[in-house]
Amino acid sequence: MSTLSQLVTAIATAEGIDAERVAAIARAVREHGLIRTSGRGTSAAQMSEPDAANLLIATNTADTARTAPAAVLQYRALQARRGKRESEFGSALEELISAAKREVLTDYVTKMIALMGARDHLLGKRRYPNEAYEFAITFEKPIPSVFVHIGASNVRPDFILFTDRREPRIKAGGDRSESTNITQRTILAVANVLRT
């Protein structure tokens with residue numbers, strides 16, 4: 001059974017950040033109902049893909065624990081669009097974590113690149129071994145956006161951009177922007193916790 005404290009430890013370790021910071025963010029997100037809660041000890045809530053996705057988003061986008069719940073809601077709602085197809089970032093991240101947990105990254109990558117990536121990209125047509133895939137997720141602010149870079153051995157990577165389609169992409173106050181990157185290392189660490 002995977003608990004919130006195990007998830008906090010896995011994310012802090014994989015990303016090389018302070019576990020106390022991740023725990024404070026987790027508490028704030030949980031208090032707003034974005035991470036499930038129940039008892040303590042053996043009756044503690046078992047973490048799921050949505051819980052893990054919300055904690056990953058909060059950890060990598062929130063400036064403080066107080067701003068974490070709003071950041072989760074904002075980044076989860078970001079959209080990628082190709083033609084008439086749309087995908088929400090929160091759902092896509094949950095699917096990625098689930099695929100890693102079930103060790104079927106091949107199915108996830110093939111589907112996502114075929115639906116949302118560049119037309120006729122090799123990753124949307126050919127399947128590679130699970131361990132061959134490489135992911136980089138880049139969270140950007142102050143204008144919220146997420147780039148999901150997907151690659152495989154000896155294949156040019158493709159990316160999917162998630163943005164707020166309702167807001168024009170204008171400069172937010174100043175010229176400064178921040179990016180936070182995580183890779184398959186973090187995704188696989190979270191998947192391993194959920195698998196226990």
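Asn154 is out in the open: its relative accessible area is 85%, so it counts as exposed (buried is under 20% relative accessible area, exposed is over 50% and partly exposed is in between, using a 1.4 Å probe and protein chains only). Asn154 sits in the loop between β4 and β5 (155–163). Its phi is positive, about 60°, although Asn154 is not a glycine. Helices here are DSSP runs of H or I with at least four residues, strands are runs of E with at least two, and both are numbered from the N terminus.

Asp120 is another such case, with phi near 60°, a positive value in a residue other than glycine. Asp120 belongs to the loop between α6 (105–116) and β3, and with a relative accessible area of 65% Asp120 is exposed too.

## A word on the model

This is a predicted model, in which local features need pLDDT of at least 70 and side-chain atom pairs count only at pLDDT 80 or more, while totals for chains, interfaces and linings use all residues. Residues are numbered from 1 along each chain as its sequence is written, and side-chain values use heavy atoms, with hydrogens and water left out.

## Other loop spots

Leu122 is also in the loop between α6 and β3. At 41% relative accessibility, Leu122 counts as partly exposed. Setting aside neighbours within four places in sequence, Leu122 is in contact (heavy atoms within 4.5 Å) with Tyr128 and Val155. Leu122 and Val155 are 33 residues apart along the chain, and their C-alpha atoms are separated by 7.6 Å.

Then there's a cis peptide bond, running from Lys141 to Pro142, with omega near 15°. Pro142 is in the loop between β3 and β4 (145–152).

## Helix α7 and its buried side

Helix α7 covers residues 184–195, and its 12 residues should span 16 Å at 1.5 Å a residue, which agrees with end C-alpha atoms 16 Å apart (the expected span is 1.5 Å times one less than the number of residues). Which residues of α7 are buried? They are Thr186, Ile187, Val190, Ala191, Val193 and Leu194. These cover an arc of only 160° around the axis, so they lie on the same side of α7 (the arc is that of the directions from the helix axis to the C-beta atoms). The cover over them includes α1 (4–15), α3 (49–61), α5 (89–101), β3 (134–141) and β6 (178–183).

Take Ile187, which counts as buried at 1% relative accessibility. Leaving out neighbours within four places in sequence, Ile187 is in contact with Leu56, Leu93, Leu96, Ile97, Ala100, Ile137 and Ile182. Ile187 and Ser98 are 89 residues apart in sequence, yet 9.7 Å apart in space, C-alpha to C-alpha.

## How α5 meets α7

α5 and α7 pack at about 65°, with their axes 8 Å apart (axes are lines fitted to C-alpha atoms, for helices over the stretch in contact, and angles run from 0 to 180 degrees between N-to-C directions). That makes α5 roughly perpendicular to α7 (under 35 degrees is roughly parallel, over 145 roughly antiparallel, 65 to 115 roughly perpendicular and the rest oblique). On the α5 side the contact is made by Leu93, Leu96, Ile97, Ala100 and Lys101, and on the α7 side by Ile187, Leu188, Val190, Ala191, Leu194 and Arg195.

Asp51 lies in helix α3 and, at 5% relative accessibility, counts as buried. Not counting residues up to four places away in sequence, Asp51 touches Leu7, Leu34, Ile35, Arg36 and Gln46.
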